[in-house]
Amino acid sequence: MSQVDVVWRRRRRRETRHLLVSVLPGALWIFIFLVLPSAYLMSVAFMTNGGFGQPQMPLTLDAFRNLAGFGFLGWSPGNLYTLWRSIFQSVISLGLVVLVAYPVAWYISMCRPRLRAIMLLAVVVPSWTNQVIRAFGWMNLLSPGTPLSTLAEKMGLIAPNMGLFPSDFAVTLGLVYNFLPFMVLPLYAAFEKLDHAQIEAARDLYASPLRTFFVAVLPQTLPGLLAGSVLVAIPAFGMYVIPELLGGGRSQMLGNLVASQFGEAANWPLGAAGALLMLLATLLGLVILRRMGRRLGGGTEMVI
Amino acid sequence: MQNRRFKKGLAVFWWLTLIFLYAPLLVVMMFSFNSINTSARWGGFSLRWYERLLHNDVVIGAIGHTLLLAVISSIIAVILGAMIGYGLYRHRARKLGLLIVLIYLPIVMPDIVFGISDMAFFVQINRLTGLLSPGLGTMVIAHVTFQIPFVALIVYSRFVGLDATLFDAAKDLYASPWQRMLHFILPTLKPALLSAFFLSFTLSVDDFVISFFTAGPESATLPIYIWGAIRRGISPEINAIATLMIASVALVAVLSLLFNRRRA
Amino acid sequence: MAERSPTAAPGGPFSAVESTTGSEASAAREASSISLKGIRKEYPGGVVALESVDLDIRAGEFFTLLGPSGCGKTTLLRMLAGLDEPSGGSLSIGGVDVTDTPPHKRSVNTVFQSYALFPHLSVRDNIAFGLKMRGMARAEREQKVVEIAEFIKLGSLVDRRVDQLSGGQRQRIALARALICEPDVLLLDEPLSALDAGLRSQLQVELLRTQKRLGMTFVFVTHDQEEAMVMSDRIAVLSDGIIQQIGTPQEVYERPANLFVARFMGHDNLFSISAREGMTVQTPIGALETEDKNDGRVALIRPETLELTSPGAPSVEPGKRLNTLMCRVVERFYRGSNVEYRLSHQNGEQHSELIAEISNTGDRLFRVGDEVKVEIYPEDVIMLSDDEEGA
């Protein structure tokens, strides 16, 4: 080994020590209080339920069988309904979020630059308030006797005195409300980079506004749309607060199923299995985001 | 012409969306001043729900817990996160992939999984050692965990925006390592640290799910109190608490924004 | 060395007025010499940035490291500051070995290319930063700032915020911040390269006057050969981590050590030598007499040494044997104080181009298309080694 290598090695060791001193306390904190706990939770998913909700040995796949609906009393579709509702709700609310966010982002990108920052802020500000309070706001608006519920009653959309809340509809509305900013921001980033020459060219060649949209506008904003979709659908899939508050007992989603297993239902392994499913969905979302990361160019970083 | 009509249509849609976004918050704020006990009808202006709050010891306690939790966790997170941000910057030439995954983990983890993992973990540790019984302590631990990444990212991006020769200049002008920390790095970082503190504070006050699962019987924060109160039934008193929270979070967020702007 | 020693007033080198009480301040400071022995910089994997540099910089000298980007000049400067560690060799300043001394313990200050003014501090605090780090009391610091502001004529700049300063103003603040520490050596890393031409030459003069008044050792890094010539007492030309030549501006310009230095100093009229016999060399423009005894592969004839006359005119120095060529004017560039001619020369099949720079003394100018007689003194035909290691 040459003299140069010795010097460099010594220097590198010194720098490694510096790196560890600065990074280790925080990194250890995250490791001990998040990585270890979630690893523990994942291991619980493979244990046996001990009656009082305490996981026990031996290792089994019972929890997953439970999640699929197999219990003491044979198969029941309850859990699968919940899973299905989670998927259904996140897909429906994603679709609605896109319908609202797309024109909004487009409009913001058309305004003067100085105005755009304020408009984006206006979209984000409501999400700074607590989730519980936001859901509570909707409870106020949708409960029986309020103008909205009365209107829906008169139009024959709901039974008398039922109100719009609690219901699956209220959950969907809550999800759309909650996740709208997550779609507007990446979409706006895509619209900001829109190449208007392409739109002009398309308009010259095709004339129909609808065709212009599908040929020139939509493909250019697709990366933002996809990024936003991941940012909306994945967290919506694991949502807990909104179905708990705005939905009744029959509007439960996966998050509620998981939470109840650690509370009144007392089946930790089953809850852990549900949590594992959520983590897998998150992982899938991250992989998709990463794949698109290069094409996106930082659109996702704006979302906090 | 078609184009202008299209834009006009979008503008209408934009205002409708704004109504959609702010209606729930405005309703909460409005009915906190309602004189009658319903959110279906307006019965006149009154401050009775705020008065009632003042005499509610549980609420006062919850406010205290919320602030205490936010302040303590933010201070710890700013220290640990700033150290990470500095380390990441100083050694940005290195391959730190695993570390970065670790730092992003609290951001991407679904909060229900986050909260339940911590709860299950703390329960087990408590059973084995008697430590970490659920309460303000466990909540601080959990909050710091999700605040660290945001602080680290703010501090890191502040460093990246800095002329790297400033570090050389400080050395060149006789500053010892400690003097560099005291007279160069910390003062330069001050706006970023303040803004990181405000963001951490906001995140802490905003959080419900993780707090809910790591809280103990004596350490309910405002969001947890509101949650419980809602489940017992809607009451205008909740409107009043919620209004106070909306106002304070908005205030802190605006402050943080101002600090950020002055920096830039 | 002695005649360069600063003659500082008793109140310190920057005090404008003769102080009668300033006994606590430094007496006249001796400027420091610098000595580099076998300084090397090597990165893992065998990448060599500096290859065994030996260099002696005299006390009170304005010394310039000149070279293209990536030649190692900035690495060398950073080593003097202590910001980079050498992989081998030793470095002493003022006779004291400082090879392993960290930057904050070296009495060396740097003016950085980006100026590196601290954004969180006022201009005043920026200037006083070094003194504060050294533990000087506030009152004394403020007195020093007043003195230096007077010395470099900062005027009201000290009361501005850093972000209100222009490039030239920043440069002067950076200079003040470095000088106020009264270092043994001042290092300047391309401090003028970010400025526009007019301001640049003004600051060149200011910088040079400052150095002469203080008698401080300045080490200056630049890639601009004209700047180097204007300012330096001596220049070291670097390329690929090797010093190609060290000398006064005159030596480096008039007697470049090799082809690289000649090219870098901006010389044209380089002709490869195919054969040599005694003091006669064969080149594409024909056989040339030279007085250069050195062996070389390339002949350099500086454009301003060419003598141009009309074809029939007598020799410019009839008694002497000059090299004579017949050329045709291809282009003419009138520059006021001088005139540049581009000449073409035909030597059998061989076609060559020459450049002549004639100072404008009011004589008749040649026109494009004119045939001219070119005469070259043998002592102006300079031999250059082709390879760049012939320093």
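Helices (H or I, at least four residues) and strands (E, at least two) are DSSP runs, numbered from the N terminus. By that rule, residues 19-42 of chain A are 100% helix and 0% strand, with the end C-alpha atoms 31 Å apart.

The structure is a predicted model, in which local features need pLDDT of at least 70 and side-chain atom pairs count only at pLDDT 80 or more, while totals for chains, interfaces and linings use all residues. Residues are numbered from 1 along each chain as its sequence is written, chains are lettered from A in the order in which they are written, and side-chain values use heavy atoms, with hydrogens and water left out.

**Annotated spans**

An unreviewed UniProt entry gives chain A the annotation "transmembrane region" over several spans, among them 19-42 and 169-191. In chain C, UniProt (unreviewed entry) places "domain: ABC transporter" at residues 34-265. UniProt positions follow the numbering used here, feature names are shortened, and annotations may be inferred rather than shown by experiment.

**Chain A with chain B**

Contact (heavy atoms within 4.5 Å) links 78 residues of chain A with 80 residues of chain B. The buried area, that is, the accessible area (1.4 Å probe) that two parts lose on being put together, summed over both, is about 7000 Å² here, and carbon and sulfur atoms give 79% of it. On the chain A side, A:Trp29, A:Trp128 and A:Phe136 lose the most area, together 10% of what that side buries.

A salt bridge is a side-chain nitrogen of Lys or Arg within 4 Å of a carboxyl oxygen of Asp or Glu. Between chain A and chain B the count is one; B:Arg231 and A:Glu244 form a salt bridge with their closest N and O atoms 3.0 Å apart.

**Chain B with chain C**

Here 19 residues of chain B are in contact with 25 residues of chain C. About 1900 Å² is buried between these chains, with 63% from carbon and sulfur atoms. B:Asp172, B:Leu173 and B:Tyr174 lose the most area on the chain B side, together 41% of what that side buries.

The rule finds one salt bridge across this interface. The side chains of B:Asp168 and C:Arg78 meet in a salt bridge at 2.7 Å, N to O. Helix H7 (165-172) and helix H8 (177-206) of chain B are the elements that give two or more residues to the side touching chain C.
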